[in-house]
Amino acid sequence: YGVYNVSENPAIVSLASFFRIPVAQVNDKPILYRDYISDLNSLRTFYSGQNQGQAYNPEEQSDQVLSRLIANNLVNQVAKEMNITVSEEERNKARADILSRFDKDETKLAADIKKNLGLELEDFYNRILEPTLLEKKVAEQFATSTEAGEKAYEEEQVKASHILFPIKTKSSGCKSFGTN
C-alpha cells in the first residue's frame, strides 16, 4: 500500500536518492526509491507511446515495476553467489546488436530510447540491458548445472502437507479447516 502512495516530487526523489532510501528490501539488499520512481516513469512513458497508457492502472504499473526490481535484485544476489558476471565483450556485443537495428547510428538509438522509455542511452544500458544479460547468464547456468548442484537447491525447498486456516464464525468463535 505504501508503495502506491509514494511521492514523485523531484525534491523528494532527490532527497531519497541522497539518503539512499529503499522502497523495499530483498534479503537485506535495498531496492532504492529513486530506482523505483525512474523505472515507473519509464514504464509509463513506454505505455503512453504504445497508446496503452490505460492498459494497466497505477497499482498494476507499480506492481510490475516492483516485481521487476525484486527479480533483478534476486538475480544479482544469485549471480554473486555463483560468481557469474557479464564480461565487457558480452556487453559490447549486446550493444552492437542493438545498435545494428538502428543502422549503427547511436543518435537514432538514443532518440528511440528517449522517446519510448524516457531514458538516456547509458541509463538504458545500465538499467535494462545489463540486468537482462545477467539474468540470461544465470538462467543458462541453472539450465546447464549438474545434478549435484540442483540437489543443493532442491534440499532448501519446504513442503507443507497440512495447512490450517482459522475461520471465525458467529456462533462458535474460531474453527480450523485443514487442507492436504
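This is a predicted model: local features need pLDDT of at least 70, side-chain atom pairs count only at pLDDT 80 or more; totals for chains, interfaces and linings use all residues.

Q: Good. Then where is Gln77 found?
A: Gln77 is in helix H3.

Q: Buried or exposed, that Gln77?
A: Gln77 is buried. Its relative accessible area is 14%, and the cut-off for buried is under 20%.

Q: Which residues is Gln77 in contact with, leaving aside neighbours within four places in sequence?
A: Val26, Asn27 and Lys29.

Q: Zoom out. How many helices and strands in the protein chain?
A: Seven helices and four strands. Along the sequence the pattern reads α-β-β-α-α-α-α-α-α-β-β.

Q: And what percentage of the residues counts as buried?
A: 26% of the 180 residues in the protein chain.

Q: What share of the contacts comes from residues 24 or more positions apart?
A: 53%, taken over contacts in the protein chain with a separation of 6 or more.

Q: Now H4. How many residues has it, and how far does it reach?
A: H4 covers residues 88-100, so 13 residues by the DSSP run. From first C-alpha to last it reaches 18 Å, close to the 18 Å expected at 1.5 Å a residue.

Q: Which residues of H4 are buried?
A: Ala94, Ile98 and Leu99 are buried in H4. They cover an arc of only 135° around the axis, which puts them on the same side of H4.

Q: Why would residues a few places apart point the same way?
A: An α-helix has 3.6 residues a turn, so residues three or four places apart point the same way.

Q: What is exposed on the other side of H4?
A: Glu89 and Lys93.

Q: And what covers the buried residues of H4?
A: The cover includes helix H5 (106-117) and helix H6 (121-143).

Q: H5 again. At what angle do H2 and H5 pack?
A: About 95°, with their axes 6 Å apart. H2 (residues 33-49) and H5 are therefore roughly perpendicular to each other.

Q: Which residues meet there, between H2 and H5?
A: From H2, Ser42, Thr45 and Phe46. From H5, Lys115, Asn116 and Leu117. By class, the contact of H2 with H5 has two nonpolar, three polar and one charged residues.

Q: What about H1 and H2, how do they pack?
A: H1 (residues 10-18) and H2 pack at about 135°, with axes 8 Å apart. That makes H1 oblique to H2. On the H1 side the contact is made by Ile12, Val13, Ala16 and Ser17. On the H2 side it is made by Tyr33, Arg34 and Ile37. By class, that contact has five nonpolar, one polar and one charged residues.

Q: Where is Asp28 found?
A: In the loop between strand E1 (22-26) and strand E2 (29-32). Asp28 is exposed, with a relative accessible area of 68%.

Q: And Asn83, what is its phi?
A: About 55°, positive, and Asn83 is not a glycine either. Asn83 is in the loop between helix H3 (58-81) and H4.

Q: Is Asn83 buried or exposed?
A: Exposed, with a relative accessible area of 68%.

Terms used: Residues are numbered from 1 along each chain as its sequence is written. Side-chain values use heavy atoms; hydrogens and water are left out. Helices (H or I, at least four residues) and strands (E, at least two) are DSSP runs, numbered from the N terminus. The expected span of a helix is 1.5 Å times one less than its number of residues. Buried means under 20% relative accessible area, exposed over 50%, partly exposed in between (1.4 Å probe, protein chains only). The arc is that of the directions from the helix axis to the C-beta atoms. Contact means heavy atoms within 4.5 Å. Axes are lines fitted to C-alpha atoms, for helices over the stretch in contact, and angles run from 0 to 180 degrees between N-to-C directions. Angles under 35 degrees count as roughly parallel, over 145 as roughly antiparallel, 65 to 115 as roughly perpendicular and the rest as oblique. Ala, Val, Leu, Ile, Met, Phe, Trp, Tyr, Cys and Pro count as nonpolar, Asp, Glu, Lys and Arg as charged, and the others, Gly among them, as polar.
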